[in-house]
Amino acid sequence: MVLGIIGLFFAFALVSYIIMEAVRMSSDKPMYPNTTHYDFSPVGLHGSEVFREARCTSCHRAVRGGTNMGLDLDGIGSKRSMEYLESFLRDPEATYQTRTLDHGPAPKEAAYVAKLPEADRKAIATFLSELRADQGSGAARLPVGERSSFVDGMVKMWAPEGWKTEYTDIREEARVNAENERKHDANAK
Ligand code: HEC
């Protein structure tokens, strides 16, 4: 009886899986919208090879390859500057300003990264800086360009008095950036 119920569950799971895969394969729309993209320069392309040869993919995911052990690096070029990336690869803990898990001094597993030849680290940094993400997506530094009344309300309610004198409002940068991109697109047409 119990075995029968368990068997039924398995049969149900299997049938659901087959139906899901069939729907997925017959649909030409991607299941999830793709918010990261890349357009490599020759140096960036070379960097992608160095990235793979240096076994970064044993911990990181980038450009449809690698694992999820470390951070997903797709889109990182929209979050971190070239200077940051070079500096992190050379001197991870000083750049993070705290202890790291895997990068950082031996015997940490990714300690070897800081010892790679400088030309390799530079090529990798260029490659990483060319992994871009759409503004407003999870991998991007900037939020969407449009003003949200919900966020405005939350800021009004929770932000400390006078925060604008101490912090910059990243939404302002996001708005200007989105506007520039629109202008750029309009000119390209
Ligand atoms: C043993 C696993 C491992 C390997 C190998 C590894 N990483 Fe990492 N990486 C991590 C982890 C974990 C972090 C998060 C920081 C930390 O705690 O070390 C990280 C962080 C980073 C960051 C910082 C991201 C940010 O936003 O600050 C970059 C860039 C990076 N890795 C690039 C590389 C490159 C390039 C290589 C290959 C040359 C590499 N990693 C090899 C595990 C690894």
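1. H3 and H5 sit oblique to each other, because their angle is neither under 35 degrees (roughly parallel), nor over 145 (roughly antiparallel), nor 65 to 115 (roughly perpendicular). The two helices pack at about 135 degrees, and their axes are 9 Å apart. Axes here are lines fitted to C-alpha atoms, for helices over the stretch in contact, with angles running from 0 to 180 degrees between N-to-C directions. The H3–H5 crossing is right-handed, meaning that the near helix is turned clockwise from the far one by less than a right angle.

2. Some housekeeping. This is a predicted model, where local features need pLDDT of at least 70 and side-chain atom pairs count only at pLDDT 80 or more, while totals for chains, interfaces and linings use all residues. Residues are numbered from 1 along each chain as its sequence is written. Helices (H or I, at least four residues) and strands (E, at least two) are DSSP runs, numbered from the N terminus.

3. On to the ligand: 24 residues surround it, the closest being Cys56, Cys59, Gly70, Thr100 and Leu101. A residue is near a molecule if its C-beta atom, placed from the backbone, lies within 6 Å of it. Helix H3 (82–90) and helix H5 (118–129) are the elements that give two or more residues to this shell, with H3 giving the most, three.

4. By type, the shell around the ligand has 15 nonpolar residues, five polar and four charged. Nonpolar covers Ala, Val, Leu, Ile, Met, Phe, Trp, Tyr, Cys and Pro; charged covers Asp, Glu, Lys and Arg; the others, Gly among them, are polar.

5. Helix H1 (residues 2–26) lies largely in the open, because zero of its 25 residues are buried. Buried takes 20 or more other C-beta atoms within 10 Å of a residue's own, exposed 12 or fewer, and partly exposed is in between, with C-beta atoms placed from the backbone.

6. Two residues other than glycine are worth a look for positive phi. Arginine 55 has a phi of about 65 degrees and lies in the loop between helix H2 (42–53) and strand S2 (61–62); with 13 C-beta neighbours inside 10 Å, arginine 55 counts as partly exposed. Glutamine 97 has a phi near 60 degrees and counts as exposed, with 6 such neighbours inside 10 Å.

7. Finally, a cis peptide bond joins alanine 106 and proline 107, with omega about 10 degrees. Proline 107 is in the loop between helix H4 (92–96) and H5, and glutamine 97 is in the loop between H4 and H5 too.
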